[in-house]
Amino acid sequence: MSTETKTAKAKSFFKSPARITLLIAGLFLIISLVESITGSVDISSPGTSGATLRFAIPLLMAGLGGLWAERAGVINIGLEGMMIVGTWTAAWFGYLHGPYVGILAAAVFGLASGFFHAILTVKIGIDQAVSGLAINLIAAGAARYLSGIYFPPVGGDRTVSPPVETLPSFTIPFVADFFKSIDEKNIFFLSNISGLLYGITRDLSVVTVALLLLVPLTSWILWRSKFGLRMRFSGENPMAAESLGINVYRTRYIAISVSGMLASLGGAYLALVASSVYREGQTAGRGFIGLATVIFGNWRPSGVFAGSLLFGFTDALRVRQAESVMSLILAAGIVALLLAIYYSVSRSWKPAGAYFGIALFALWVNQKVDTIPQEFVTVFPNFATLIVLTFLAQRLTPPAMAGMPYRRGAE
Amino acid sequence: MSNVLEVIGIEKKYPGVIANRDVSLQVREGSIHAIIGENGAGKSTLMKSLYGLIRPDAGQIKVFGSEVNLKSPQDAIELGIGMVHQHFKLADNATVLENVILGSEPTRFGFVVKYDQARKKLLEITKNYGLDIDPDESLSNLGVGERQRVEIAKVLFRGAKILILDEPTAVLVPQEVDELFANLRELVKNGLTVLFISHKLDEVLSIADDITIMRQGTTVATRKPKETNKKELAELMVGGELPKPKAGELKVSSESILSIKSAAYSRADGREILHDVNLELHGGEIVGLAGVEGNGQSELIELIMGLAQPSAGSVQVLGLDAATTLTREIRNAGVAYIPQDRQRDGLLMSAPLWENRILGHQFADPMAKGVWVNKGAAIEDSKRVVDEFDVRTPGINVLASALSGGNQQKFIVGRELTGDPKLIVAAQPTRGVDVGAQAIIWDHLMQARSKGAGILLVTADLEELFSLSDRIAVIYSGTIVSILNPAKTTPEDLGLAMTGAKSA
Ligand SMILES: Nc1ncnc2c1ncn2[C@@H]1O[C@H](COP(=O)(O)OP(=O)(O)OP(=O)(O)O)[C@@H](O)[C@H]1O
Ligand SMILES: [Mg+2]
């Protein structure tokens with residue numbers, strides 16, 4: 001109640017972003033170190049950071065979609081299907097009327113798919129997982145069916161849409177050039193960081209920038225707006241919300257519709273920005289990874305963003321050189337070693353031993369294995385997801401009633 | 001003084017039960033009006049009608065002299081009626097301020113919440129009425145007493161003139177009750193009117209200006225505390241004489257039922273909740289565990305039930321090491337558990353009673369038949385529990401959520417006392433039950449004791465503690481600070497020990 005606790009809170013608030021920045025800088029220092037040892041510079045190359053961002057955006061949109069639904073108390077397994085809706089409608093309407101109409105169409109149809117999930121789960125009270133799965137199946141089936149009807153055959157192939165005009169992109173003037181010049185000078189650490197920054201300041205799509213803005217916007221809505229407060233309570237304790245005269249059903253309808261729209265926009269990005277066609281299977285399970293970023297991000301927009309960057313990064317590595325995975329293993333080994341030292345200093349022998357083991361293993365792999373099999377590189381993102389979720393599971397605070405059935409007037 | 005609230009001939013039917021009929025009530029402005037009655041007498045139902053949560057089938061409600069038609073809580077709030085529910089309606093994962101303002105947020109342009117202004121208003125309210133809460137505290141850090149103050153602040157924030165509290169004292173320890181009553185007096189001094197439900201007749205006599213008694217769905221009488229006494233009230237409630245618990249004689253066996261040796265427990269975040277706890281419990285005795293809520297009682301119970309592992313020391317339950325034994329095996333060995341939060345840990349609210357009878361006994365005879373549950377036995381035994389413990393319900397096929405709070409409690413107690421358990425961990429066993437049912441439950445606990453069971457009784461009810469316990473262990477700030485003999489201890493001594501003052 002005193003001002004003391006308040007200042008303490010304020011302090012920890014300012015402390016944590018500073019801590020995170022320091023942590024990231026430290027990690028990056030290690031990566032720079034590893035790169036100068038191994039001579040591979042792929043992790044911090046502009047190509048990797050650019051690709052990371054491109055891969056992260058669809059995951060981010062799916063993640064934000066999942067977050068909107070779950071914060072309001074409904075789990076949205078249908079994200080994958082809603083992304084398919086986005087890829088198909090964006091490509092088809094984009095082909096007919098230009099890419100901007102394509103994006104608009106994806107937003108509208110995504111909203112509709114979310115609304116459908118809301119009718120099934122909120123109004124009719126169907127199990128949320130069942131409804132989500134149904135949406136995934138329907139969307140995949142409908143996309144194939146409609147492709148067959150509408151797309152002109154390209155060499156007998158009806159699973160690909162005709163190409164859509166590309167959207168404009170731009171390079172941030174001066175800033176990008178500045179980073180580029182430093183990157184080329186090959187200074188330890190500084191050049192590595194500049195390389196990374198150069199990658200995300202050049203050839204930026206306007207859509208990328210617009211979609212990135214949804215992260216702070218979602219935060220603002222959740223913690224500053226009236227709707228956000230009501231939405232959070234719909235997910236935490238709908239009975240309480242209802243008893244205070246809040247229309248939980250309506251709140252959920254809106255939130256789930258927005259959820260569909262966001263996921264669908266992620267699909268539109270895949271079709272119109274990351275490529276310029278619709279292709280069957282284009283979403284490739286990103287809706288589910290998006291769901292994982294929600295958990296990874298502890299149901300916070302900034303956390304979802306961080307999660308999508310992580311998964312986007314592992315994804316980017318997959319399509320780039322396999323050696324960089326090796327550098328990453330070495331970097332992980334060094335991090336584990338540092339953690340082992342940290343824990344032995346504070347005399348927590350169990351974690352110290354565990355981290356020491358991990359470090360040894362990483363170094364062993366680095367020494368003994370020459371080439372990482374491509375298969376491993378492919379499953380790496382899934383593996384990373386699993387590890388991260390295992391370690392984080394203890395500290396998560398999910399919305400208390402997310403996934404639970406709720407009927408109006410229940411006690 | 002004029003009547004701020006008047007109820008004329010209200011009626012409400014549920015399938016198979018008449019929850020309210022012919023209910024009449026007059027509440028004077030600036031008074032504290034108590035409603036008492038047995039479990040299932042229809043008190044909560046009446047309050048829900050007054051708050052617009054349910055719509056009565058017939059009858060009139062007048063607020064400030066004019067007849068009203070309450071379609072939703074929103075209507076009630078607009079008329080200045082606020083309600084604190086029997087079961088709190090709060091979200092853990094949010095701050096006090098957010099919980100308070102939800103639904104009547106002050107906004108800019110209709111959608112930006114003015115958190116600063118809201119905080120200022122809340123601080124003003126908490127100051128004026130002496131409600132000690134911090135707006136920015138996360139709700140998950142608050143104990144029951146504080147949560148209740150949040151609920152009251154919530155109602156006041158909406159500008160309520162009439163406050164309805166459903167069993168506000170059931171979950172509080174004596175000190176907290178005193179604090180609550182001080183708060184309530186402050187409210188009526190400021191011109192507000194308080195309507196509250198209670199099962200504790202002493203309390204009602206000490207604080208209320210008027211007392212209305214309900215029986216079997218209807219209001220039977222209204223009394224002033226000066227003109228009545230406990231006995232008359234109790235008889236009006238049950239319509240006859242009260243059963244008396246028979247005190248059996250003390251036959252403590254040498255068998256150690258529960259043995260806790262220098263046990264400690266830390267939460268995942270590293271906070272130490274319990275340290276150096278030592279407790280021995282033998283067959284045939286009742287040990288009362290007294291303490292202000294949040295001093296480690298819940299965690300101690302979790303250690304005993306094998307729901308949590310001690311970080312140091314040992315917990316032996318019926319000779320089993322609770323740290324390494326599955327909760328299922330602990331239960332099968334003959335441990336009964338009456339959890340303190342009946343709706344969270346004791347019942348499946350959306351399952352019928354007979355299914356709830358199986359809960360916790362699903363692996364042992366007679367509820368299990370091989371890998372199947374034995375539906376027939378469950379149904380039969382549910383009927384027995386309903387009879388023996390006087391659970392007021394239209395049948396055993398109704399959902400647990402259709403029972404009144406006290407009847408839910410009776411059902412759980414009945415279920416747990418089945419099958420001659422050797423150790424009974426009873427947390428707040430009579431929370432929210434009426435005096436008649438309380439006597440029945442006490443009687444059953446005493447019978448279990450004379451059959452040789454050891455009972456750990458965790459209770460906030462001093463009367464219960466003193467009349468049942470053979471020994472009283474006082475827990476304070478994570479450890480047992482003293483063991484008292486109830487016959488030689490005064491409530492004042494106990495109160496001092498519970499708050500950490502030098503033990504008696
Ligand atoms: N939703 C419901 N559906 C069916 N029956 C109900 C429902 N709610 C209450 N009842 C029944 O109405 C009667 C009155 O219940 P009520 O909750 O008003 O009792 P109460 O006086 O508050 O009791 P307690 O002291 O135990 O809280 C009980 O018999 C109960 O079983
Ligand atoms: Mg009640």
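Predicted model: local features only at pLDDT ≥ 70, side-chain atom pairs only at ≥ 80, totals over all residues.
Residues are numbered from 1 along each chain as its sequence is written, chains are lettered from A and ligands numbered from 1 in the order in which they are written, and side-chain values use heavy atoms, with hydrogens and water left out.

Ligand 1 is surrounded by 19 residues, the closest being B:Gly40, B:Lys43, B:Ser44, B:Thr45 and B:Ser404; a residue is counted as near the ligand if one of its heavy atoms lies within 4 Å of it. By class, this shell comprises 6 nonpolar, 10 polar and 3 charged residues, where Ala, Val, Leu, Ile, Met, Phe, Trp, Tyr, Cys and Pro count as nonpolar, Asp, Glu, Lys and Arg as charged, and the others, Gly among them, as polar. At least two shell residues each are supplied by β2 (17–28), α1 (43–50) and α14 (405–416) of chain B, and α1(B) gives the most, with 3 residues. Helices (H or I, at least four residues) and strands (E, at least two) are DSSP runs, numbered from the N terminus.

Polar contacts are pairs of N or O atoms within 3.5 Å; within protein, one atom must be able to donate a hydrogen and the other to accept it, and residues adjacent in sequence count only if both atoms are side-chain atoms. A polar side-chain atom of B:Ser44 lies 2.6 Å from an oxygen atom of ligand 1, while the corresponding distances to an oxygen atom of the ligand are 2.8 Å for B:Lys43 and 3.4 Å for B:Glu167. Taken alone, ligand 1 exposes 630 Å², of which the protein buries 87%; accessible areas come from the Shrake-Rupley method with a 1.4 Å probe, and for residues only the protein chains shown count as cover.

Helix α1(B) is itself mostly covered, with 7 of its 8 residues buried, where buried means under 20% relative accessible area, exposed over 50%, and partly exposed in between (1.4 Å probe, protein chains only). The buried residues include B:Lys43, B:Ser44 and B:Thr45. The helix is followed by B:Gly52, whose phi is positive, near 75°. Positive phi also occurs in residues other than glycine: B:Leu318, in the loop between β16 (312–317) and β17 (320–321) of chain B, has a phi near 50°, and B:Asp420 has a phi of about 45°. B:Asp420 is located in the loop between α14 and β21 (423–427) of chain B and is exposed, because its relative accessible area is 53%.

On chain A, the residues A:Leu337, A:Leu338, A:Ile341, A:Val345, A:Phe356 and A:Leu360 form a nonpolar surface patch with about 570 Å² of accessible area together. The elements giving two or more residues to this patch are α15 (323–345) and α16 (349–368) of chain A, and the largest share, 4 residues, comes from α15(A). A:Leu337, found in helix α15 of chain A, is partly exposed, with a relative accessible area of 34%. Patches are made of residues with over 30% relative accessible area and no salt bridge, like charges being joined within 9 Å and nonpolar side chains (Val, Leu, Ile, Met, Phe, Trp, Tyr) within 5 Å; a salt bridge is a side-chain nitrogen of Lys or Arg within 4 Å of a carboxyl oxygen of Asp or Glu.

A:Asp370 lies in the loop between α16 and α17 (374–392) of chain A and counts as exposed, at 70% relative accessibility. Between A:Asp370 and A:Ser275 there are 34 Å in space, C-alpha to C-alpha, and the two are 95 residues apart in sequence.
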